[in-house]
Amino acid sequence: MNAALVAVLLSLVSACAYAAAAVAQERLASRASDAGPLRMLTSGAWWWAVALNASAALLHVVALKYGPLTVVQPLGALTLVAAVPLGARLAGRRVSAIEWRGTGLTLLGLGALLLTASGPAPDDVLSVPEALTVSGATAALIGVLSWPGARPGLRHATASGIASGVASALTQTVTVAVTDRPGPLLSVQVIGVAVLVAAFATGGLLLSQTAYRGGLGAPLAVVTLANPVAAALIGLSLLGERLRGGAGGVLLALTGALLAAWGVLQLSRATPAPGRHEPAAPVLTGPEPDPEPNPAPEASPPAGLVPRQPGPGHLTPL
């Protein structure tokens, strides 16, 4: 089977697993919005989400062995495409027309990106200085985005997407170095980059959990867009990956990116936040009966028969 086709198939299954994990995280965050990261460790639902993320990440690692970042990472947008109907199903509602339109635009844009990004299997890796430079710059950017301020959900989602994208680029370095390069299996390069992968993957998971407190649609859309952008920048600038078709290929890739971004934006706007429900339709009933006339006031007893109220500190004699 063609290596690029294997990468695409693995990426599709990985995106479905990531979608299930995102829906599980969002539902958990909506039920325990005030729970801290340590509180999550005692939740069985949290560990199911972690297991789904780990399975998706493993499939993603294998896909990176067969396909370049510019092919594998854009397919991550299918996570949102799968999460929307899954979230709607669990919420007991139908997928709206705008959600289907967003799905179609996203798929069309991804198709254009794949036409230009299709290339040979990756054979280049990040050197130790390059990996450290990328990691330092990414950590600084994540720190800025995580700083307290306005719209923390979207900023945390952006930081999560960047962390995941960089983790994917570093993962590809580890995968290619272990399987295709001569030398010891556990070299300094492999061990050091693997530690960075674990740090960024864990940070991305925790940041996304925080972002999903504001709902699933918008944060997941931002994660979905920031992830491939960060990975593609690394692939194109440091790993020697190129777009096919020259100037026409670049134009087609930009068009596809705009279509995918438009589709993701439609999906993010169409997905309701947790706890938000459509207003119920008014119930049509017959004319309300006339209110009963006010009852006649009861006759007051004679003044002499009204018991005397006790004053403070005194007892009323019998």
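Here are some questions and answers about this predicted model.

The model is predicted: local features need pLDDT of at least 70, side-chain atom pairs count only at pLDDT 80 or more, and totals for chains, interfaces and linings use all residues. Residues are numbered from 1 along each chain as its sequence is written, and side-chain values use heavy atoms, with hydrogens and water left out.

User: How many helices and how many strands are in the protein?
Analyst: Helices (H or I, at least four residues) and strands (E, at least two) are DSSP runs, numbered from the N terminus. Read from the N terminus, the elements run α-α-α-α-α-α-α-α-α-α-α. The count is 11 helices and zero strands.

User: What percentage of the residues in the protein is buried?
Analyst: Buried means under 20% relative accessible area, exposed over 50%, and partly exposed in between (1.4 Å probe, protein chains only). The protein has 318 residues. Of these, the buried share is 40%.

User: Among contacts between residues at least 6 apart in sequence, what percentage joins residues at least 24 apart?
Analyst: Contact means heavy atoms within 4.5 Å. Take the contacts between residues at least 6 apart in sequence. The share that joins residues at least 24 apart is 83%.

User: Is α5 roughly parallel or roughly antiparallel to α10?
Analyst: Axes are lines fitted to C-alpha atoms, for helices over the stretch in contact, and angles run from 0 to 180 degrees between N-to-C directions. The axes of α5 (residues 78-91) and α10 (residues 217-238) come within 9 Å and cross at roughly 160 degrees. Angles under 35 degrees count as roughly parallel, over 145 as roughly antiparallel, 65 to 115 as roughly perpendicular and the rest as oblique. Therefore α5 and α10 are roughly antiparallel.

User: How many residues in the contact of α5 with α10 are nonpolar, polar and charged?
Analyst: On the α5 side are Thr79, Leu80 and Ala83, and they meet Gly217, Leu220, Ala221 and Thr224 in α10. Ala, Val, Leu, Ile, Met, Phe, Trp, Tyr, Cys and Pro count as nonpolar, Asp, Glu, Lys and Arg as charged, and the others, Gly among them, as polar. The contact of α5 with α10 has four nonpolar, three polar and no charged residues.

User: What is the orientation of α3 to α9?
Analyst: Helix α3 (residues 44-66) and helix α9 (residues 188-211) pack with their axes 12 Å apart. Their angle is about 130 degrees. That makes α3 to α9 oblique.

User: Which residues of α3 and α9 make the contact?
Analyst: By class, the contact of α3 with α9 has four nonpolar, two polar and no charged residues. From α3 come Trp46, Val50 and Asn53, and from α9 come Leu205, Leu206 and Gln209.

User: Is arginine 155 buried or exposed?
Analyst: Arginine 155 lies in helix α8 (residues 152-180). A polar atom of its side chain lies 2.6 Å from the backbone oxygen of tryptophan 147. The relative accessible area of arginine 155 is 17%, so this residue is buried.

User: Which residues does glycine 235 touch, not counting those up to four places away in sequence?
Analyst: Glycine 235 lies in helix α10. Its relative accessibility is 0%, so glycine 235 counts as buried. The residues it touches are Leu69, Gly240 and Glu241.

User: What distance separates the C-alpha atoms of valine 128 and valine 193?
Analyst: Valine 128 lies in helix α7 (residues 128-145). At 38% relative accessibility, valine 128 counts as partly exposed. Valine 128 and valine 193 are 65 residues apart along the chain, and their C-alpha atoms are separated by 7.7 Å.

Definitions and conventions
A polar contact is a pair of N or O atoms within 3.5 Å; within protein, one must be able to donate a hydrogen and the other to accept it, and residues adjacent in sequence count only if both atoms are side-chain atoms.
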